[in-house]
Number of protein chains: 2
Amino acid sequence: MILTVTLNTALDITYRVRSLRPHTSHRVSEVAERPGGKGVNVARVLAALGHEVTVTGFAGGPTGAVLRKALAGVPGPVDALVPISAATRRTIAVVDELTGDTTQLNEPGPHITPGEWGAFLDRYEELLGGASAVALCGSLPPGVPVGAYANLVRTARSAGVPVLLDTSGEPLRRGVAARPDLIKPNADELAELTGSHEPLRATQDARRRGAHAVVASLGANGLLAVTPEGRWHAAPPAPELGNPTGAGDSAVAGLLSGLLDQLPWPDRLARAVALSAATVRSPTAGDFDLAAYEKLLTRVSVAAA
Amino acid sequence: MILTVTLNTALDITYRVRSLRPHTSHRVSEVAERPGGKGVNVARVLAALGHEVTVTGFAGGPTGAVLRKALAGVPGPVDALVPISAATRRTIAVVDELTGDTTQLNEPGPHITPGEWGAFLDRYEELLGGASAVALCGSLPPGVPVGAYANLVRTARSAGVPVLLDTSGEPLRRGVAARPDLIKPNADELAELTGSHEPLRATQDARRRGAHAVVASLGANGLLAVTPEGRWHAAPPAPELGNPTGAGDSAVAGLLSGLLDQLPWPDRLARAVALSAATVRSPTAGDFDLAAYEKLLTRVSVAAA
């Protein structure tokens with residue numbers, strides 16, 4: 001089983017409006033809701049690829065109940081979320097039908113009490129017992145210590161479970177120092193971590209800070225990997241037009257899936273790039289187009305960097 | 001007891017953001033939720049004025065449960081909402097902290113089944129038995145027949161309960177023909193009903209179409225009343241700066257409150273205008289400032305029109 005951790009889960013709501021004009025009133029023509037937060041998105045892609053996957057993190061309040069009900073309703077990730085008294089946050093994506101652009105409104109996360117954090121740590125350790133890999137994904141809600149990911153990385157390493165960390169800012173800085181097996185920063189996160197805007201230099205620097213391997217996302221230009229086995233640049237056949245929401249989460253799922261299938265690095269990177277591009281191409285934010293994925297897989301270029 | 005009917009109740013959510021810029025991502029700094037829909041707002045103001053008030057209409061799904069829990073949590077309106085299987089809609093008001101302006105996103109209403117509509121009609125008739133006045137407020141959700149308000153007006157008249165209708169479009173046109181005691185259209189609703197943009201002419205025409213009395217809202221210029229007892233124009237001492245959300249609902253509450261207290265028309269109109277202005281002045285959308293209300297009450301001018 002692959003375990004994904006989403007401490008700041010969300011109920012992702014998508015609204016379609018004809019044209020978003022600030023300071024006016026809009027009729028929403030269509031409402032869609034689904035479980036969200038980076039680790040939940042990663043888990044959904046892993047399940048679609050045929051992996052057994054369990055999600056943990058927090059869920060609470062009426063929005064948390066809706067999220068858990070939706071998770072239970074479809075075959076896919078197993079729900080091992082820890083209940084909290086505050087309400088899971090909502091995110092609202094307002095899609096403008098005229099331009100196709102999206103405006104995002106993200107609620108603040110719920111406050112996590114020390115008791116809830118303690119309950120999560122117990123659950124996490126217990127779940128690691130059955131995990132073949134773990135992904136720690138996204139931001140920390142209020143109340144969770146800033147060193148949380150460093151703690152979770154160390155626990156995974158003690159349990160002998162490969163650990164991927166995908167976060168930003170101070171939680172990433174501290175988490176990297178705890179020596180995760182893999183981090184997957186984007187260009188901004190990497191620059192914030194290392195102070196360098198030069199991708200190869202920054203990626204190498206991130207390894208020196210503690211990450212065993214670093215796969216940097218270069219947006220439409222694919223992935224740059226610096227690992228003990230070598231350095232590669234993997235790129236899609238052409239930049240994809242579409243909605244990049246969830247493309248990074250699909251890349252994480254591809255990397256984990258390739259790790260579990262014991263693929264060599266170039267094939268793992270090809271899988272991650274193809275999944276990411278197929279997610280951009282999909283009409284539904286965060287979903288991937290399976291036919292596009294299979295076609296792209298053979299067309300990703302992977303070269304030594 | 002005063003009965004207010006809100007067929008299209010809503011969970012009203014307010015987000016504060018620093019500055020709303022389409023096609024970018026925003027952190028919401030503050031989230032507020034409260035029960036909404038015109039009749040619910042009217043009931044809240046009536047309760048604050050010391051009246052016994054009951055709300056009916058529909059509520060369902062997780063949003064309906066949140067709405068009902070919030071109604072139960074405060075002293076005020078009695079909850080006589082009829083359960084439905086679809087979910088109560090949300091409205092989102094995004095307040096821009098830089099400009100103070102609000103952008104509104106309104107979800108479509110839930111679909112009401114014929115059985116649910118029938119259950120409502122039974123409940124409505126039963127509630128009318130204990131009502132000294134009834135207000136029918138707002139839009140109709142999908143599934144409710146367009147002649148719904150005409151039906152509800154006739155039932156109230158048969159029961160001898162004074163009935164106020166506050167809606168728009170075809171439901172208003174049909175409702176007026178059923179001869180309600182009072183309607184409270186704004187300038188746009190009145191023009192749509194009568195084809196005239198001249199307030200006095202349009203208000204008189206609306207009476208000819210069947211309304212016993214018509215109180216037209218002139219926005220910042222107050223109210224114009226055409227009744228069997230006379231015609232009046234009631235105006236606040238000065239136009240109010242602030243958020244007009246809920247000002248019309250406060251006017252409806254003032255008119256009902258004055259009716260129940262058997263005030264002469266000029267005093268009813270003064271109460272409605274003062275409540276409306278005190279709502280615009282309040283920092284919280286839809287709430288009214290009690291001290292401002294009491295001060296304004298003595299300063300509203302009422303003249304024969």
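**Strand pairing and the interface of chains A and B**

Reader: Which residue of β3(B) does Q104(A) stand opposite?
Author: This is a predicted model. Three bridges join β9(A) to strand β3 of chain B, residues 25-27, and the two run parallel. Within this pairing, the residue of β3(B) opposite Q104(A) is S25(B).

Reader: Within chain A, which residue of β9(A) stands opposite V94(A)?
Author: Strand β8 (residues 89-96) and strand β9 (residues 102-106) of chain A pair in the antiparallel sense over five bridges. They form a hairpin with five residues between them, and G100(A) in the turn has a positive phi of about 80°. In β9(A), the residue that stands opposite V94(A) is T103(A).

Reader: What is the bridge partner of R27(A) in β9(B)?
Author: Strand β3 of chain A, residues 25-27, pairs with β9(B) in the parallel sense over three bridges. R27(A) belongs to this pairing, and its bridge partner in β9(B) is N106(B).

Reader: How much area do chain B and chain A bury between them?
Author: The size of an interface is often given as the accessible area lost when the parts come together. Here the contact takes 29 residues from chain B and 29 residues from chain A. Of the area buried, 59% is on carbon and sulfur atoms, and the total is about 2,300 Å².

Reader: With which side chain of chain A does R90(B) meet in a salt bridge?
Author: The count between chain B and chain A is two salt bridges. A salt bridge requires a side-chain nitrogen of Lys or Arg within 4 Å of a carboxyl oxygen of Asp or Glu. The N to O distance in the salt bridge of R90(B) is 2.4 Å, and the partner is E33(A).

Reader: Which element gives the most to the side of chain B that touches chain A?
Author: Across the interface, 14 residue pairs are in polar contact. On the side of chain B, β2, β3, β4, α2, β8 and β9 each supply at least two residues. With five residues, the element that gives the most is β9(B).

Reader: How many nonpolar residues has the side of chain B that touches chain A?
Author: By class, this side has nine polar and seven charged residues, and the number of nonpolar residues is 13.

Definitions and conventions. Residues numbered from 1 in each chain as written. Chains lettered and ligands numbered in written order. Predicted model: local features only at pLDDT ≥ 70, side-chain atom pairs only at ≥ 80, totals over all residues. Heavy atoms only, no water. Pairing = 2+ DSSP bridges. Helix = DSSP H or I, 4+ residues; strand = E, 2+ residues; numbered from the N terminus. Contact = heavy atoms within 4.5 Å. Buried area = accessible area lost by both parts, 1.4 Å probe. Polar contact = N/O pair within 3.5 Å; in protein donor to acceptor, adjacent residues only side chain to side chain. Nonpolar A, V, L, I, M, F, W, Y, C, P; charged D, E, K, R; others polar.
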